[in-house]
Amino acid sequence: RCCTAAARPYDAGLRCFAWTNDRQRVLCGGDYQSPRLVHLAGADEDGELLMEYKDIVRQELTVSTSCSISLSSDDLKAVTCSWDKALRVWEVDSGELLLVV
């Protein structure tokens with residue numbers, strides 16, 4: 001299956017991503033910017049930013065840069081791993097940070 005949709009959620013490079021089950025949204029992580037959920041548009045359009053996931057307690061760049069991203073099987077929770085070596089569990093729809101390990 002080929003994806004022809006366009007999404008440009010980051011100024012710098014895209015580091016990691018995870019598709020939702022419906023293949024309409026993608027959770028992605030980029031250098032020095034928070035993880036973002038993007039709704040994909042058509043081939044000639046940019047995607048729509050739906051949510052940005054920010055750790056409001058620790059806001060340094062090592063927290064923002066996601067090294068790995070995963071979605072739960074029901075697309076309700078997301079897990080990110082950052083340069084600070086912490087796992088963060090997020091509620092996908094609200095952007096709420098649920099747990100830092």
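## Glutamate 52 and its partner

Glutamate 52 counts as partly exposed, at 28% relative accessibility. That label has cut-offs: buried means under 20% relative accessible area, exposed means over 50%, and partly exposed is in between (1.4 Å probe, protein chains only). Glutamate 52 makes a salt bridge with arginine 36, and their closest N and O atoms are 3.2 Å apart. A salt bridge here is a side-chain nitrogen of Lys or Arg within 4 Å of a carboxyl oxygen of Asp or Glu. The pair ties together distant parts of the chain: glutamate 52 sits in strand β4 and arginine 36 in strand β3, 16 residues apart. What about the arginine, buried or exposed? Arginine 36 counts as buried, because its relative accessibility is 12%.

A word on what you're looking at: this is a predicted model, where local features need pLDDT of at least 70 and side-chain atom pairs count only at pLDDT 80 or more, while totals for chains, interfaces and linings use all residues. Residues are numbered from 1 along each chain as its sequence is written, and side-chain values use heavy atoms, with hydrogens and water left out.

## The overall plan

The protein has one helix and eight strands. (Helices are DSSP runs of H or I with at least four residues, strands are runs of E with at least two, and both are numbered from the N terminus.) Starting at the N terminus, the elements go β-β-β-β-α-β-β-β-β. Of the 101 residues, 40% count as buried.

## The sheet from β1 to β4

Four of the strands make an open sheet in the order β1-β2-β3-β4, with antiparallel pairing. Two strands count as paired if DSSP finds at least two bridges between them. β1 (14-19) and β4 (48-52) are at the edges with a single partner strand each, so one side of each has no neighbour in the sheet. From one strand to the next, the twist averages 30°. Those angles run from 0 to 180 degrees between N-to-C directions, using axes that are lines fitted to C-alpha atoms (for helices, over the stretch in contact).

Let's zoom in on histidine 39, which is in strand β3 (residues 33-39). β3 and β4 run antiparallel and are joined by four bridges, and glutamate 48 in β4 is the bridge partner of histidine 39. Which other residue can we place beside histidine 39? Arginine 25 is 14 residues from histidine 39 in sequence, but the two are 4.4 Å apart in space, C-alpha to C-alpha. Leaving out residues up to four places away in sequence, histidine 39 touches Gln24, Arg25, Gly47, Glu48 and Leu50; touching means contact, with heavy atoms within 4.5 Å. Histidine 39 is partly exposed, with a relative accessible area of 30%.

## The sheet from β5 to β8

There is also an open sheet of four strands in the order β5-β6-β7-β8, again with antiparallel pairing. Its edge strands are β5 and β8, each pairing on one side only. Neighbouring strands here are turned by 20° against each other on average, direction ignored.

Alanine 78 in β6 stands opposite leucine 71, and its bridge partner in β7 is tryptophan 90. In the hairpin of β5 and β6, aspartate 75 takes a positive phi near 65°. In the hairpin of β6 and β7, with four residues between the strands, lysine 85 takes a positive phi near 65°.

The structure holds four salt bridges. Side chains of opposite charge can pair when their charged atoms come close. Aspartate 55 pairs with arginine 88, with the closest N and O atoms 2.9 Å apart. Aspartate 55 is in the loop between β4 and α1 (61-64) and arginine 88 is in strand β7, 33 residues apart. Aspartate 84 also forms a salt bridge with arginine 88, at 2.8 Å between the closest N and O atoms. Shared partners join Asp55, Asp84 and Arg88 into one network. How buried is this arginine? Arginine 88 has a relative accessible area of 1%, so it counts as buried.
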